[in-house]
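Good morning, and thank you for having me.

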Amino acid sequence: MKLKYFAWVRERIGVAEEEIALPDGVGTAGELIAFLKARGEGYAHALERDRFIRVAADHEHIGHDVSIRDAREVALFPPMTGG
Amino acid sequence: MARFHVEVLAETLDPAAWLGEIAPSEDTGALASFIGLCRGDGGRLEALELEHYPGMAEAKMAEIAQQALERWPLFGLIAVHRSGLVQVGEPIVLVAAGSAHRDAAFDAVRFMMDFLKTDAPFWKREHLKGGSAGPWVEANAKDDAARERWH
């Protein structure tokens, strides 16, 4: 699965995108965030306010309780501030 | 279905040139537009840096435009949004809609802007006077409230 990060989530993690193999037991967007938080200091810092983090699966906004198992690309980012 | 055009621009956004893209038909009686500019915030800022999610940003803009076209009788609708560094005074976003009457044109532009703010994946970062990169702009709860009134 391809993961993409944007804005301060990207800066704190230190990469814009990466490929990961989703471990068993990680089914939803929320579980992905919890899994990533344990991967290191940058991840933990980026995702510390985890309820605040927005998730998109294959370019669609999804809630933290939604499955990401079938997604090819999942993006994590802060609330949007365009316009 | 009326035509629409959405685009993310890496270079200068020239509103006059884009407004010409909504070629008024004989039945167009109203053309409404909104231009969002980079403001200096009392001399504090030099520019805003716009980051976006390529692919999803365009897809979301198109989706919002489709919803506007289903909701109001429009002859044309455009939404153009900058990416990259936007200097104080320069346009960040342009939305314009053409319709027979002004209510539909005004409402469609406002709808498009309200949903762009909350649903299109763009992020702003401040560049302070003097050249240093400042903080990322925080999301505004008022923007969520503005979106809600269309439900």
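This is a predicted model: local features need pLDDT of at least 70, side-chain atom pairs count only at pLDDT 80 or more; totals for chains, interfaces and linings use all residues.

Let me start with one residue, Thr28(B), which touches Phe75(B), Gly98(B) and Ser99(B) when residues up to four places away in sequence are not counted, and by contact I mean heavy atoms within 4.5 Å. Thr28(B) lies in the loop between helix H1 (15–19) and strand E2 (30–37) of chain B, where helices (H or I, at least four residues) and strands (E, at least two) are DSSP runs, numbered from the N terminus. The C-alpha atoms of Thr28(B) and Met113(B) are separated by 21 Å, and these residues are 85 apart along the chain.

Residues are numbered from 1 along each chain as its sequence is written, chains are lettered from A and ligands numbered from 1 in the order in which they are written, and side-chain values use heavy atoms, with hydrogens and water left out.

Now to the helices of chain B. Helix H2 (residues 56–71) and H3(B) pack at an angle of about 150 degrees with their axes 10 Å apart, the axes being lines fitted to C-alpha atoms, for helices over the stretch in contact, and the angles running from 0 to 180 degrees between N-to-C directions. That angle makes H2(B) roughly antiparallel to H3(B), because angles under 35 degrees count as roughly parallel, over 145 as roughly antiparallel, 65 to 115 as roughly perpendicular and the rest as oblique. H2(B) passes H3(B) in a right-handed crossing; a crossing is right-handed if the near helix is turned clockwise from the far one by less than a right angle, and left-handed if anticlockwise. By class, this contact of H2(B) with H3(B) has eight nonpolar, one polar and three charged residues, where Ala, Val, Leu, Ile, Met, Phe, Trp, Tyr, Cys and Pro count as nonpolar, Asp, Glu, Lys and Arg as charged, and the others, Gly among them, as polar.

How do H3(B) and H4(B) cross, then? The axes of helix H3 (residues 102–119) and helix H4 (residues 141–148) of chain B come within 9 Å and cross at roughly 130 degrees, which makes H3(B) oblique to H4(B). H3(B) passes H4(B) in a left-handed crossing, and the contact between H3(B) and H4(B) has two nonpolar, one polar and six charged residues.

Arg110(B) also lies in helix H3 of chain B, and, leaving aside its neighbours within four places in sequence, Arg110(B) is in contact with Arg149(B) and Trp150(B).

Finally, let us turn to the two chains together. Here 25 residues of chain B are in contact with 20 residues of chain A, and the chains bury about 2000 Å² between them, 55% of it on carbon and sulfur atoms, buried area being the accessible area (1.4 Å probe) that two parts lose on being put together, summed over both. In chain B, Tyr53(B), Trp123(B) and Trp136(B) lose the most area to chain A, together 33% of what that side buries.

How many salt bridges does the rule find across this interface? There are three, a salt bridge being a side-chain nitrogen of Lys or Arg within 4 Å of a carboxyl oxygen of Asp or Glu. Glu51(B) forms a salt bridge with Arg10(A), with the closest N and O atoms 2.5 Å apart, and the side chains of Glu60(A) and Lys60(B) meet in a salt bridge at 3.3 Å, N to O.
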